[in-house]
Structures are given as C-alpha cells and as structure tokens.
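Here is a short tour of a ligand site and a charged pair. Take a look at the structure first, and then we can walk through the contacts together.

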Amino acid sequence: MLERLLVTGAAGGLARMIRPELGRLALALRLSDIAAAPAGETAEWVRCDLGDADAVDGLVEGCDGILHLGGISTENSFGRILNANIVGVHNLYEAARRHGRPRIFFASSNHVVGFYRQDERIDTDAPHRPDGWYGVSKSFGEAVALMYFHKFGQESALVRIGSCFAEPKDHRMLATWFAPEDFVALAECVFAVPRLGCPVVYGVSDNDASWWDNAGAAHLGWRPRHNAAAFAGKIAASVPLPDKDDPRAVYQGGAFTAEPIHEE
Ligand code: NAI
Ligand code: 15L
C-alpha cells in the first residue's frame with residue numbers, strides 16, 4: 001500500500017465518483033484541484049493550477065504515488081488545453097523526477113485513437129490518431145511519460161480511459177464504458193504490481209462490444225468485472241440510434257471527431 005497518494009483533478013466527476021474507494025490505495029491522500037474542495041472533504045486538499053511549476057513541485061513532494069486526473073477533459077481551446085494538459089504534464093513529470101519518481105497513473109483518453117473506426121479492433125501498439133486538441137494533448141502526455149521512463153526510469157501507466165461514468169449513456173458507450181469499480185481495481189494493480197514499466201492500457205470494462213485489446217498490459221494482472229451489455233436494453237429503449245454515417249456511429253472517438261477546433 002502507498003504511504004501518500006496524490007490525486008489531481010480531485011474536484012472532477014471521476015474523482016468524486018471513486019472518492020469513497022480511494023482509501024484502498026494509500027494510507028494518506030493529498031487531493032488537489034484548481035477548484036476548492038467539495039463540502040465535507042476531510043483529507044488534505046491543495047488548490048493548485050497544474051500550469052504553475054513551483055506549486056506542482058510542492059504538490060508532488062512527499063507522495064509515493066500519483067493518480068493524475070487533473071486537466072481539461074473534453075475538446076476545448078488550444079490555449080486552455082496548453083496550460084492544463086501540456087504545461088501541466090511537463091510540470092508534473094519534472095516534479096516527479098525531483099521527488100523520487102513516484103509511480104504515476106496517467107489518465108489518458110480514448111481520444112488519442114479517436115479516428116479509428118468502430119469496425120476496427122486495435123491493440124495497445126496502435127499508432128495514435130487523435131481526434132482534436134484534447135486528444136493531441138493526451139498523446140503528448142503519453143510521449144512525456146515514455147521519455148521519462150526511458151531517460152529516468154519513471155514508471156507510469158498510460159490509461160486510455162473510455163467512458164468512466166456510473167452507467168453507459170449512449171450506444172457508443174456500450175463499447176467504451178469503464179465501470180468506476182473496474183477503474184479502482186486497475187489503479188490498485190498499477191500501484192501494486194512489482195514492475196510496472198510504462199504500458200498503455202485501455203481503461204474499459206469487459207464489454208461485449210469493446211474495440212480494444214489489452215493483451216499488451218496482461219502483466220498488470222487486472223481483470224475488469226463489469227460488462228456494458230447489462231445496460232444494452234435500457235439504452236435501446238431510451239436513446240435513439242444514430243444514423244450509420246453519424247460520427248457517433250462511425251468513429252471510436254464518436255462526436256469528438258466532429259468538434260471544431262478553437263485557438264483561444
Ligand atoms: P473533469 O473535467 O470532471 O475533472 C477534471 C478536473 O481537473 C476538474 O475538477 C478541473 O477543475 C481540474 N482542472 C482543470 N484544469 C486544471 C488546472 N489547470 N489545474 C488543476 N486542475 C485543473 O474530468 P473527469 O471526467 O473527472 O476526468 C478525469 C480525467 O480523466 C481527465 O484527465 C480526463 O481527461 C480523463 N478522462 C476521463 C474520461 C471519463 O470518462 N470521465 C474519459 C477519458 C479520459
Ligand atoms: C473523454 O476523454 C472525456 O473526458 C469524457 O468526458 C468522455 O467524453 C469520454 O472521453 C468519452 O469518449 O466518452
């Protein structure tokens with residue numbers, strides 16, 4: 001078990017969903033976000049902009065594991081993504097290098113490979129096909145992690161999260177859904193496995209409709225237990241099926257592939 005786990009993006013949707021389970025990962029938590037702590041939070045809370053190198057240095061000091069969830073989490077302007085997801089990842093890895101190389105669970109995204117089609121099955125070696133500035137920023141984060149691994153031995157898991165919500169919300173998520181319980185089980189494996197390295201892992205449950213092959217990360221010993229197929233009837237009854245030419249039905253990245261790109 002870790003002594004002190006740093007969780008960035010702790011005010012975000014994913015962190016709040018798994019907050020009750022975080023005690024399984026570490027004896028102590030340091031939670032951080034650019035936003036204030038949610039009401040009732042009792043763990044250490046540090047407000048910090050990931051774009052502020054000095055603040056991130058202090059944030060990482062004294063932690064032996066990092067769950068890096070912080071940053072812009074959907075398509076946005078290049079300027080906002082630059083600060084949070086590009087400068088922010090640089091700051092985090094530099095701080096980790098200075099403070100004993102705590103293992104990092106990097107919340108990457110399926111939008112690194114968003115322009116693969118839904119009729120393709122891809123593995124962890126598939127070349128990147130980012131679907132916007134957001135996907136590009138996660139590609140950058142994966143590249144930073146690999147550089148720090150090969151240069152300095154910094155271990156990271158590059159977890160290309162599909163759709164981590166309490167339930168799948170649409171037809172595409174029957175393939176991409178990542179049950180929060182499977183997320184926490186993956187994090188436990190990432191921080192406990194004797195030798196992590198720097199693997200890509202698709203953050204996805206054991207969905208019948210999945211497009212992603214995780215054989216390249218088998219050494220983690222992680223076995224997702226949930227399957228979005230359990231929600232197929234509910235989705236069919238409540239969500240209209242998109243047209244077959246709709247990006248939501250064509251590309252793995254769904255609607256993100258059709259987003260305009262913004263500079264400011
Ligand atoms: P979210 O948007 O709800 O949470 C992200 C948090 O990062 C927010 O609380 C926000 O205040 C914080 N943040 C933004 N800019 C910041 C900055 N400059 N400095 C410090 N904190 C900053 O996103 P969510 O859903 O919780 O996702 C968590 C992570 O997982 C994100 O990195 C996202 O890209 C990734 N991810 C999530 C997926 C999902 O299905 N929830 C799918 C794929 C990736
Ligand atoms: C992501 O990367 C986003 O952070 C999340 O909000 C979802 O939209 C998810 O991908 C998805 O592709 O469903």
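A polar contact here means a pair of N or O atoms within 3.5 Å. Keep in mind that this is a predicted model.

With that cut-off in hand, let us turn to ligand 2.

| Residue | Atom on the protein side | Distance to an oxygen atom of ligand 2 |
|---|---|---|
| S73 | backbone N or O atom | 2.5 Å |
| S109 | side-chain N or O atom | 2.8 Å |
| Y134 | polar side-chain atom | 2.7 Å |

How much of ligand 2 does the protein bury? Taken alone, ligand 2 exposes 320 Å², and the protein buries 83% of that area. As for its location, ligand 2 takes up the space of the largest pocket.

Now for the charged pairs. Side chains of opposite charge can pair when their charged atoms come close. Across the whole structure, a search finds 15 salt bridges. One of them joins the side chains of E44 and R30, with an N to O distance of 3.1 Å. Because E44 belongs to strand 3 (residues 44-47) and R30 to strand 2 (residues 26-33), the pair ties together parts that are 14 residues apart in sequence.

Notes. Residues are numbered from 1 along each chain as its sequence is written. Chains are lettered from A and ligands numbered from 1 in the order in which they are written. This is a predicted model: local features need pLDDT of at least 70, side-chain atom pairs count only at pLDDT 80 or more; totals for chains, interfaces and linings use all residues. Side-chain values use heavy atoms; hydrogens and water are left out. A polar contact is a pair of N or O atoms within 3.5 Å; within protein, one must be able to donate a hydrogen and the other to accept it, and residues adjacent in sequence count only if both atoms are side-chain atoms. Accessible areas come from the Shrake-Rupley method with a 1.4 Å probe; for residues, only the protein chains shown count as cover. On a 1 Å grid over the protein atoms alone, a cavity is a set of points where a 1.4 Å probe fits but cannot get out, and a pocket is an open set with protein on both sides within 12 Å along at least five of seven lines; lining residues have an atom within 4 Å of a point. A molecule sits in a cavity or pocket if more than half of its atoms lie within 2 Å of its grid points. A salt bridge is a side-chain nitrogen of Lys or Arg within 4 Å of a carboxyl oxygen of Asp or Glu. Helices (H or I, at least four residues) and strands (E, at least two) are DSSP runs, numbered from the N terminus.
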